[in-house]
Amino acid sequence: MLRGKGWRISFFDEMTGQEGEVRSPYREYSDWFGREDAARIQRKAQQAEAFFRTTGITFNVYGQDEADERLIPFDVVPRIISASEWRRLSRGIEQRVRALNAFLHDIYHRQEILRAGRVPIELISRNEAFLPMMMGMDPPGGIYTHISGIDIVRTGADEFYVLEDNARTPSGVSYMLENRETMLQMFPELFAKISVREVSDYPLNLLKSLAACAPPACGGTPTVAVLTPGIHNSAYFEHSFLADQMGAELVEGHDLRVVDGRVAMRTTQGYTPIDVLYRRVDDDFLDPLNFRPDSVLGVPGIWDVYRAGGITIANAPGTGIADDKALYSYMPDIIEFYTGEKALLPNVPTWRCGEPEHLREVLDRLPELVVKEVHGSGGYGMLVGPAASKKAIAAFRAKLEANPRNYIAQPTLSLSTVPIFTKAGLAPRHVDLRPFVLMSPQGIRITPGGLTRVAMSKGSLVVNSSQGGGTKDTWVLED
Amino acid sequence: MLGKTAGSLYWMARYLERSENNARLIDAGFRIALTRSNTAAAEWRSVLVTAGQDYYFRQAHGADYSSQRVVDFMLRDPANPSSIMSVIKQARDNARTARTYLTREAWEAVNTSWMTLGALLKRQVREDDLPDVLAAIRQQSGLVRGAFAGTMLRNDGYNFSRLGTFLERADNTARILDVKYYLLLPSVAHIGSSIDNVQWETILRSVSAHRAYHWLYGAEISALKIAEFLILYKQMPRSLAFCCDKMNDNLGWLARAYGEETEAVRLGASICNDRLSRPIASIFDNGLHEFITDFLRANAALARQIERDYRFVE
């Protein structure tokens with residue numbers, strides 16, 4: 001069934017492994033699928049699309065007509081992870097997020113790791129996301145990374161790698177939730193048959209986790225609000241979705257101002273203080289008085305309120321340094337430095353193009369590597385060597401030579417595949433996984449699974465939604 | 001709730017109401033243009049003036065008031081800020097801004113309207129398809145209204161959206177009278193003489209009330225009665241008196257919930273008490289045109305006061 005055109009046995013398929021035999025987490029699903037009428041599933045897939053449209057689960061692609069709202073393609077075949085696989089992953093993720101938070105605290109305080117020479121100082125001093133104003137600041141509860149997304153790829157039955165850390169403002173969690181909701185509506189019988197772990201408590205956990213980080217100025221039940229750049233932002237759906245699910249207000253910069261030493265929102269009856277602001281705008285735009293003066297997305301003076309303990313900003317300003325892909329290459333050292341343990345989840349081997357020897361090797365092997373911008377995201381500005389034309393590689397070579405420090409390179413990984421449903425039956429496509437992690441003084445909570453992104457076209461390794469990638473529901477099985 | 005959110009709910013409702021009213025105006029204009037081709041241009045112009053779109057139309061097309069041009073302009077021209085497509089988009093943008101205050105059903109109704117009309121109005125509408133398209137527009141607004149009535153909490157957000165609906169509707173009915181009042185005037189001088197049949201039918205059709213009028217007044221058509229029906233008759237859901245009553249209900253609800261009598265509450269009451277609590281004859285005596293002008297001004301002042309009192313903007 002899986003041996004259609006283009007099927008390359010060299011990739012690990014999560015449903016059929018390398019041998020073509022259905023792996024145990026997929027067994028029940030595969031039995032069910034075998035008995036189902038393909039036409040019925042086809043119909044369901046179309047219903048799902050209509051459901052996403054009427055619900056407005058759309059995103060805007062930057063640089064295109066604002067009226068052009070697109071759907072992220074949704075595939076009806078779930079990505080299934082066994083209980084034991086998940087235990088292993090979640091231990092590694094928890095370790096990593098703890099280390100990230102400790103690292104951020106250290107960088108903005110004594111900088112022990114720099115003094116110990118484990119991470120080169122330039123990676124911080126040249127890091128655009130580094131905020132000198134955060135030096136010596138203690139964010140409420142000691143938390144920097146309230147919400148993070150750790151991107152994971154798989155290359156074999158026992159081979160998992162962390163591909164990227166997203167500690168700034170990871171997005172996609174609304175898709176994780178809506179994908180499950182859609183699957184429950186379309187195939188309720190599957191969930192009766194197979195015990196899949198819940199994800200729907202994420203918004204309430206998010207609310208609890210944020211409320212547990214309330215600032216000293218908060219008296220009583222913390223008021224939480226979500227700060228969005230507005231309806232034209234590509235992730236606006238997610239911002240309104242999370243605010244709605246948490247029962248929190250969804251605010252924009254022009255709804256807020258500093259009143260009596262607190263950040264307050266303009267309600268129909270006057271100004272009400274906010275305790276915790278889950279902001280979905282970047283640091284640069286937070287406070288036009290203290291950061292970018294041309295920004296209209298933020299709140300003049302919020303920085304001073306933050307310093308004085310009048311508000312919690314989640315994630316803390318300055319966490320973006322951890323998203324830097326050059327810094328990523330030091331994560332195994334960072335984990336060891338703060339936890340005293342070896343990293344449970346390995347990094348993908350990474351060449352730092354800023355180092356002459358690394359650069360030489362990268363330039364030699366460009367057609368076989370993946371090259372990424374250090375600060376890039378969303379799959380923009382990257383080169384996938386094996387998939388690129390000679391011309392594209394030559395153009396990229398020039399960019400790389402002009403500004404090597406701006407790039408890292410990695411081997412082209414044999415990303416695992418999971419089948420998607422096509423008119424011609426099941427067909428394998430490459431996937432990655434973004435689990436979502438909440439951190440508060442009460443602990444770390446990881447929603448079972450996360451968002452599975454899938455490259456919808458055959459052979460493609462780029463799963464980003466801005467580049468035509470789709471998503472799948474992700475199942476973590478109960479023991 | 002946030003002042004901005006209150007404002008978005010209010011404007012969403014205003015735009016939805018406007019799209020429905022404009023569909024009705026197009027319908028009435030289309031009928032008269034079909035039956036009286038010699039005065040069609042003048043009729044279309046008066047439709048555009050009523051809808052507040054004549055300025056934009058002349059910017060785009062000069063004085064070419066042909067049915068096809070006007071209908072296309074009013075339905076789907078992106079250069080026309082009040083075209084049905086522009087207005088639906090505005091309504092949907094406001095609904096998106098206030099998304100957290102809408103039920104799933106209410107949001108989906110607005111979003112579906114936008115998608116459905118977007119598909120219907122993608123290309124120029126052929127004349128013989130126009131009745132179907134207008135019917136679809138009315139039907140969509142019915143679905144939105146139903147979703148709101150059936151699922152929304154009766155809280156401050158709901159009251160703000162209702163305020164938007166009735167302010168817009170009162171404005172629309174008053175504008176219809178403002179443009180057509182001269183037709184009603186001469187006949188008042190000689191009570192009993194009937195006004196131009198097609199004209200009065202157009203007025204009543206513009207508010208979807210030509211049948212209701214006959215139920216109420218029988219076959220007799222008089223300027224005084226039409227004016228009374230549209231201005232003072234409280235059981236007619238598009239009359240000025242009905243709209244003002246509803247606005248006062250919504251303002252009263254907000255005053256109780258917030259424990260604060262705002263200036264808007266006072267203004268709303270004064271429209272009802274000072275302007276609409278007298279017989280139609282006295283309105284005519286003091287001048288119908290003056291009455292309508294004053295009403296439009298008071299209605300607009302109320303709208304501004306609501307925005308201020310409930311902090312829609314800073």
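How many salt bridges does the structure hold over all chains? There are 52, a salt bridge being a side-chain nitrogen of Lys or Arg within 4 Å of a carboxyl oxygen of Asp or Glu. This is a predicted model, in which local features need pLDDT of at least 70 and side-chain atom pairs count only at pLDDT 80 or more, while totals for chains, interfaces and linings use all residues. Residues are numbered from 1 along each chain as its sequence is written, chains are lettered from A and ligands numbered from 1 in the order in which they are written, and side-chain values use heavy atoms, with hydrogens and water left out.

**View 1. Chain B meets chain A.** Here 29 residues of chain B are in contact with 28 residues of chain A (heavy atoms within 4.5 Å). Four salt bridges link chain B and chain A. B:Lys4 pairs with A:Asp255 in a salt bridge, with 2.5 Å between the closest N and O atoms. On the side of chain B that touches chain A, helix 6 of chain B gives the most, with seven residues (helices are DSSP runs of H or I, at least four residues, and strands are runs of E, at least two, numbered from the N terminus).

View 2. Buried means under 20% relative accessible area, exposed over 50%, and partly exposed in between (1.4 Å probe, protein chains only). Among the buried residues are B:Ile84, B:Arg92 and B:Thr97.

**View 3. B:Arg24 in helix 1 of chain B.** You will find B:Arg24 in helix 1 of chain B, buried at 6% relative accessibility. Neighbours within four places in sequence aside, B:Arg24 contacts B:Arg205, B:Ser206, B:Val207, B:Ser208 and B:Arg238.

**View 4. A:Arg88 and A:Asp158.** These side chains meet in a salt bridge, 3.6 Å from N to O. Because A:Arg88 lies in helix 3 (residues 83–107) of chain A and A:Asp158 in the loop between strand 4 (147–156) and strand 5 (159–166) of chain A, the pair ties together parts that are 70 residues apart in sequence. A:Arg88 is partly exposed at 30% relative accessible area, whereas A:Asp158 is exposed at 57%.

**View 5. A:Glu355 and A:Arg352.** In this salt bridge the closest N and O atoms are 2.8 Å apart. A:Glu355 is partly exposed at 30% relative accessibility, while A:Arg352 is buried at 17%.
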